[in-house]
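The tour goes from one selection to the next.

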Amino acid sequence: MLFDAALVDGNRLCLIYECDGIARGVLAAVAAPHHLAPVKVASEIIWWIDPHWRGRAATKMLDAYERWAAGCGCQYVGMVGLGADPAVSKLYARRGYQAVERHFLMPL
């Protein structure tokens, strides 16, 4: 449903990174008003790249995501970092992202 919604809703995005006809990565996002401020924000929903295809794939996908967000009129663009991989934090910092808060989740 997530991918289908991205095909028809201009405020949703689903990027597929493919090589040799095989999907090697996906980035899905939504653009919407922020729930705490009167600004439009792009928020990543899913981002995954096959470990053997990371590197340039990541920057290409982020470039496309950021262009899409700007085209949607977003004032901010957000990415999630789970904290376990310092390379992800370094990638985001190099691109100008700033850490804002950490989320905690407990299964019930």
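**Before selecting anything**

This is a predicted model, in which local features need pLDDT of at least 70 and side-chain atom pairs count only at pLDDT 80 or more, while totals for chains, interfaces and linings use all residues. Residues are numbered from 1 along each chain as its sequence is written, and side-chain values use heavy atoms, with hydrogens and water left out.

**Stop 1: colour by confidence**

Colour the chain by pLDDT, the predictor's confidence in each residue, from 0 to 100. The protein chain has a mean pLDDT of 89, and 98% of its residues reach 70 or more. Select helix 1 (residues 2–8): confidence is lowest here, at a mean of 81, whereas strand 2 has the highest, at 95. Helices (H or I, at least four residues) and strands (E, at least two) are DSSP runs, numbered from the N terminus. Where pLDDT is low, the predicted coordinates should not be read in detail.

**Stop 2: the strands**

Select strand 2 and strand 3 (residues 40–49), which pair in the antiparallel sense over 9 bridges. Two strands pair if DSSP finds at least two bridges between them. To find one of the contacts, pick A31, whose bridge partner in strand 3 is A42. The hairpin that joins strand 2 to strand 3 runs through 6 residues.

**Stop 3: a loop residue**

Go to the loop between strand 1 (12–19) and strand 2 (22–33) and select D20. Most residues other than glycine have a negative phi. D20 is exposed, with a relative accessible area of 72%; buried means under 20% relative accessible area, exposed over 50%, and partly exposed in between (1.4 Å probe, protein chains only).

**Stop 4: the salt bridges**

How many salt bridges does a search of the whole structure find? The search finds 3, a salt bridge being a side-chain nitrogen of Lys or Arg within 4 Å of a carboxyl oxygen of Asp or Glu.

Select R12 and D9, which form a salt bridge with the closest N and O atoms 3.6 Å apart. R12 is partly exposed at 28%, and D9 is partly exposed at 31%.

Then select R95 and D63, where the closest N and O atoms of the salt bridge are 2.6 Å apart. This pair links distant parts of the chain, with R95 in the segment after helix 3 (86–94) and D63 in helix 2 (residues 56–71), 32 residues apart.

Salt bridges that share partners join D63, E66 and R95 into one network. R95 is partly exposed at 27% relative accessibility, as are D63 at 34% and E66 at 24%.
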